[in-house]
Amino acid sequence: MNPHQQGKSALLCVANGSEDLETVTIIDILRRADIPLTLAKVYSKEEKHIASDMNINLMCKLMMGTLIDVFAESKELHTMLSKQIEQDRHIAAICASPAKVLVPFGILTDQKATCYPTMNNIIKNKSCILDKVVVDGNLITSQGPGTAALFALKIVQILKDKKTAQNVAQGALIDLQV
């Protein structure tokens, strides 16, 4: 392993109602790439199971928040993301999260980004790009469920390398040319 890649891991924050295709795709691809992944629940209930959008039950290792029902209201998530920025680490957000979480938290300012198309107006003055996946510095954003595999593969490429991302894509029959 390349020394600059040691210790690279990912934290995936989910809540009740999280989009299944995004959640499961990201988990699957990061695990195929052997990236250590922790699943964290952002919600108010004290149990660790997540009822996703299509009722796929997920078990989380971490609990974040006490009185929250959406990511944007989570002080713990805001604090964690602020620390990521301070430590010059990557932040990745998909679907509505770039617009509904990163913009209100003040994390998405001048960077180029993308999000779920109906949310473009929220980030349009902040360099909204219509690409499926956008990387600007340490910020990785994507549009939604149909782009989740490309999003996760871009994370693999950044946390590991391009060859690992290509191998995972090939093994999962994902066309990176799309």
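This is a predicted model: local features need pLDDT of at least 70, side-chain atom pairs count only at pLDDT 80 or more; totals for chains, interfaces and linings use all residues.
Local features were taken at pLDDT of at least 70 and side-chain atom pairs only at pLDDT 80 or more, while totals for chains, interfaces and linings use all residues. Residues are numbered from 1 along each chain as its sequence is written, and side-chain values use heavy atoms, without hydrogens and water.

One salt bridge was counted (a side-chain nitrogen of Lys or Arg within 4 Å of a carboxyl oxygen of Asp or Glu). Asp 28 pairs with Arg 32. Their closest N and O atoms lie 2.5 Å apart. Both residues belong to helix α1, residues 20-32 (helices are DSSP runs of H or I, at least four residues, numbered from the N terminus). Asp 28 and Arg 32 are four residues apart, so about one helical turn separates them. Asp 28 is partly exposed, at 34% relative accessible area. Arg 32 is also partly exposed, at 44%. Here, buried means under 20% relative accessible area, exposed over 50%, and partly exposed in between, with a 1.4 Å probe and protein chains only.

Helix α2 covers residues 75-86. Its twelve residues should span 16 Å at 1.5 Å a residue (1.5 Å times one less than the number of residues). The end C-alpha atoms are 16 Å apart, in agreement. Leu 77, Leu 81 and Gln 84 are buried in α2. These residues cover an arc of only 50 degrees around the axis, and therefore sit on the same side of α2 (the arc is that of the directions from the helix axis to the C-beta atoms). Lys 75 and Glu 86 are exposed on the other side of α2. Asp 88 follows α2 and has a positive phi, near 55 degrees.

Notes. Helices (H or I, at least four residues) and strands (E, at least two) are DSSP runs, numbered from the N terminus.
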